[in-house]
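Load the model in a viewer and keep the selection panel at hand. The stops below go through a group of strands and then a pair of helices.

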Amino acid sequence: MKKIRILVTGGAGFLGSHLCDRLIQCGNDVICVDNLYTGNKDNIRHLLDNPYFEFIRHDVINPIYVECDQIYHLACPASPVHYQKDPIYTTKTSMYGAMNLLGLAKRTGARILLSSTSEVYGDPECNPQVESYRGSVNTIGPRSCYDEGKRVAETLFFDYHRKHKVDIKVMRIFNTYGPKMDIGDGRVVSNFIVQALKNEDITIYGNGTQTRSFCYVDDLIDGMIRLMNSEDGFTGPVNIGNPNEFTIKQLAERVIELTESLSHLVYEDLPVDDPVQRRPDITLAKKILEWEPQIQINDGLKRTIDYFKNQINLKNDK
């Protein structure tokens with residue numbers, strides 16, 4: 001069987017590196033593109049000697065010229081700490097990155113998937129969020145660079161699809177966690193686990209009653225690949241995430257329990273425009289992709305805790 005040549009942008013990041021692993025395991029020829037702004041070469045180091053894996057250090061703000069059959073476009077700072085560090089760069093990455101990769105897909109005839117985000121829904125006025133909901137987004141707030149950047153990227157994808165017949169897939173990713181998360185990325189799961197393992201106070205922003213739902217990375221990657229390979233002209237957008245909802249305080253208490261930590265909860269002000277609720281309606285994913293999450297929160301957290309234990313031990317040994 002002929003190997004499929006697949007381009008993964010942001011391939012050295014958290015999700016991208018898991019995707020590269022899975023695609024290589026499935027017998028594909030993978031080109032990983034990353035400028036290492038937030039990605040980490042250690043995430044893909046074990047693949048560098050594989051003859052069917054190629055790493056290119058490149059910023060998707062600039063065009064890239066390769067031959068490929070499929071494109072997974074994941075490149076963009078994704079955590080608030082990273083995307084707010086240089087918000088103008090974040091917006092440019094979303095907009096120019098989408099244009100450049102869509103241009104590549106148009107030239108090569110490749111199918112292209114956009115990793116969009118639940119952030120396009122903003123601070124939602126409905127719960128759970130369905131794909132038809134148009135969102136409640138502040139266009140001028142500190143999170144806008146990411147929220148609006150992804151909304152523009154979705155717009156470009158559908159305009160290229162309508163005008164140039166580019167074969168697109170659009171995936172709205174909800175909160176995802178697992179091994180290879182950056183220890184300092186500021187996301188709630190990594191924050192809580194690292195603080196708990198160090199027996200430090202666990203910081204909750206707001207009163208802890210705001211809700212989230214968390215999808216383990218293996219489930220997310222399965223949904224992503226199913227979407228890419230779906231037929232019958234299905235473009236999305238489609239929500240991929242875990243619909244099991246619980247409060248941030250409940251998550252913190254679960255992490256303390258699983259790590260047997262001595263940490264205490266402390267509360268700080270909620271950041272501007274931080275959504276009160278975030279939960280996907282995955283009816284469409286179940287129907288079209290026959291996908292739903294399989295890994296329960298305790299199992300996923302245990303695997304993630306083990307990963308961060310090793311990371312902290314390695315750091316302490318240096």
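Two strands pair if DSSP finds at least two bridges between them; helices (H or I, at least four residues) and strands (E, at least two) are DSSP runs, numbered from the N terminus. This is a predicted model, in which local features need pLDDT of at least 70 and side-chain atom pairs count only at pLDDT 80 or more, while totals for chains, interfaces and linings use all residues. Residues are numbered from 1 along each chain as its sequence is written, and side-chain values use heavy atoms, with hydrogens and water left out.

Select residues 70-73, strand β4: this strand pairs with β1 in the parallel sense over four bridges. Thr 9 stands opposite His 73 in β4.

Next, select β1, residues 5-9.

Asp 29 in β2 is the bridge partner of Arg 5. Between β1 and β2 the chain runs through helix α1 (residues 14-25), a right-handed β-α-β crossover (clockwise from the first strand over the helix to the second, with the strands pointing away from the viewer).

Finally, select α5 (residues 188-197) and α7 (residues 248-259), whose axes come within 9 Å and cross at roughly 40 degrees; axes are lines fitted to C-alpha atoms over the stretch in contact, with angles from 0 to 180 degrees between N-to-C directions. Contact means heavy atoms within 4.5 Å. Residues of α5 that meet α7 include Phe 192 and Ile 193, and those on the α7 side include Leu 251 and Val 255.
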